[in-house]
Amino acid sequence: QAYTLLASSCKAVLGHAVRSRLPAFAASTHLLCRALGDCAWLAQPAPDAYKDLGGAYGLCKHDPAWAALDTAAPPAIGTSFVSSAMLEASASRACLSVEGFCTPVHVGNDGIEYQPQPSAVVRFRSAATDRFGFHSLLPTALTEDETEYDLPPLSTVTLQRVDSPGSWLAYGVTVNQRLLTVSVSFALP
């Protein structure tokens, strides 16, 4: 319950505190990392999961470190940075359309509407745990409406591949946005 509250309401605030090395929210950040750590030891590698880079609720909104990939020209393969905020990505079919990543937005009485974002799409490519750490997003919301995976704070993100708009396919859809495929690595307590 505490994880759900922090993850749904405090991503940007906790990310700012981690990034700025502020002692505020240290207990909340520790709780969040502890919950994700417990999950990491049990989880299998996540399937490919997607998120918009610069849309209304995109990765750059919650963590400015992602701006390293938000460039007019394709960023260089191997670009690497440390993300400070806990972020989510989706492995649901509804998350992609021809127009790009579709952010789930709650409407009405528990209804969900998927709104396309005019932004590059990030594909998280997970791998198995090895002696160097964890390399997978962690399952946090596996329901019939949403299959969501989270990236813990202080994860190293590395760009593996760039695909141009209209040249890639996911869930049977050709997407007209740039695709940035990244790997992740992190260590948890």
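Buried means under 20% relative accessible area, exposed over 50%, and partly exposed in between, with a 1.4 Å probe and protein chains only. By that rule F134 is buried, at 6% relative accessibility.

This is a predicted model: local features need pLDDT of at least 70, side-chain atom pairs count only at pLDDT 80 or more, and totals for chains, interfaces and linings use all residues. Residues are numbered from 1 along each chain as its sequence is written, and side-chain values use heavy atoms, leaving out hydrogens and water.

Confidence comes next. pLDDT is the predictor's confidence in each residue, from 0 to 100. The protein chain averages 84, and 76% of the residues score at least 70. Helix α1 (residues 2-9) has the lowest mean, 58, while strand β7 (residues 121-124) has the highest, 98. Helices (H or I, at least four residues) and strands (E, at least two) are DSSP runs, numbered from the N terminus.

Now the aromatic pairs. Rings of Phe, Tyr and Trp (its six-membered ring) pair if their centres lie within 6.5 Å; planes under 30 degrees apart count as stacked, over 60 as edge-to-face and the rest as tilted. Y50 is buried at 4% relative accessibility, whereas Y171 is partly exposed at 25%. F134 and F186 are stacked, at 5.5 Å centre to centre and 25° between the planes. F134 sits in strand β9 (residues 133-135) and F186 in the segment after β15 (179-185), 52 residues apart. F186 is buried too, with a relative accessible area of 3%.
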